[in-house]
Amino acid sequence: MMHNSTTTSVDALQQVIHTTHTHTNGGGGWEQCWKQGLTPWDLGGPTPLLLHLHRTGSLPKGRALLPGCGTGYDVVAIAGPERYVIGLDISGHAINKAIQLSSSHPNSSYFTFLEADFFTCHPTDLFDLIFDYTFFCAIEPHLRSAWARKMADILKPDGELITLMFPISDHVGGPPYKVSVSDYEEVLHPMGFKAISITDNELAVGPRKAREKLGRWKRSSVSPAKSAL
Ligand SMILES: C[S@@+](CC[C@H](N)C(=O)[O-])C[C@H]1O[C@@H](n2cnc3c(N)ncnc32)[C@H](O)[C@@H]1O
């Protein structure tokens with residue numbers, strides 16, 4: 001499914017991630033990948049589908065978070081007077097690169113980059129929108145419940161979680177770890193999230209075609225604890 005050079009780069013990325021243990025939640029491995037330029041996931045520009053949602057006015061306004069933002073193209077692409085965007089990444093190298101690439105951008109007062117671990121970060125305010133692309137598949141699968149808990153903690157009660165689900169496949173190992181819609185449902189339903197829509201991503205890039213789905217999630221007004229009474 002992947003081109004040879006990409007496969008080699010993914011193999012090298014997995015090797016580094018699994019042999020570097022200098023930080024909680026795999027941060028040391030990710031930092032090493034960034035330092036060595038092992039970033040086969042990086043599209044070199046904004047994600048076409050996110051750009052499309054932005055341009056068609058289909059994204060919530062207000063405060064947005066992009067966890068595991070990497071080089072931050074998506075952060076810059078959707079920032080503006082109506083939406084303040086925070087790009088967060090555990091790798092200082094990635095964050096420095098994102099800052100360098102974006103500092104002279106005309107929208108620079110509408111976004112910021114933060115070096116932090118998603119699982120232990122404590123944002124000062126809740127978010128109207130969280131967009132996850134290639135972050136869920138990057139974390140160890142045993143962290144997925146914690147991922148969903150954190151999403152519920154830092155999203156406003158009426159906020160929206162948008163997941164661009166990738167890679168939908170049946171390969172073994174990772175990162176990227178394989179994902180399925182039910183993998184998301186399994187951890188998001190207990191947190192009270194329900195899918196508003198799940199659609200194929202017709203704008204997926206190159207080898208990602210037919211391996212991505214867009215999921216839009218909101219919480220029902222009754223909390224899971226109350227509805228169980
Ligand atoms: C596969 S890359 C995707 C980057 C970006 N979303 C993209 O598509 O270009 C995953 C990113 O998540 C970051 N990351 C991994 N674990 C993290 C954590 N616990 N908290 C924040 N960022 C993390 C890595 O440093 C890496 O930049």
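Reply: Helices (H or I, at least four residues) and strands (E, at least two) are DSSP runs, numbered from the N terminus. With those names, Ala210 is found in the loop between β6 (193-200) and β7 (213-219). The model is predicted, so local features need pLDDT of at least 70 and side-chain atom pairs count only at pLDDT 80 or more, while totals for chains, interfaces and linings use all residues. Residues are numbered from 1 along each chain as its sequence is written, and side-chain values use heavy atoms, with hydrogens and water left out.

Me: Why is Ala210 called exposed?

Reply: Exposed means over 50% relative accessible area, buried under 20%, and partly exposed in between (1.4 Å probe, protein chains only). Ala210 has 77% relative accessibility, so Ala210 counts as exposed.

Me: What makes the phi of Ala210 worth a remark?

Reply: Most residues other than glycine have a negative phi. Phi of Ala210 is near 70 degrees, a positive value in a residue other than glycine. Thr134, in the loop between β4 and α6, also has a positive phi, near 55 degrees.

Me: Why does Thr134 count as partly exposed?

Reply: The relative accessibility of Thr134 is 21%, and therefore Thr134 counts as partly exposed.

Me: Why does Pro67 count as buried?

Reply: Pro67 lies in strand β1 (residues 62-67). Its relative accessibility is 2%, so Pro67 counts as buried.

Me: What is the omega of the peptide bond from Gly174 to Pro175, and what is that bond called?

Reply: Omega is near -5 degrees, and the bond is cis. The peptide bond from Pro175 to Pro176 is cis too, with omega near 0 degrees. Pro175 lies in the loop between β5 and α7, and Pro176 is placed in the loop between β5 and α7 as well. Most peptide bonds are trans.
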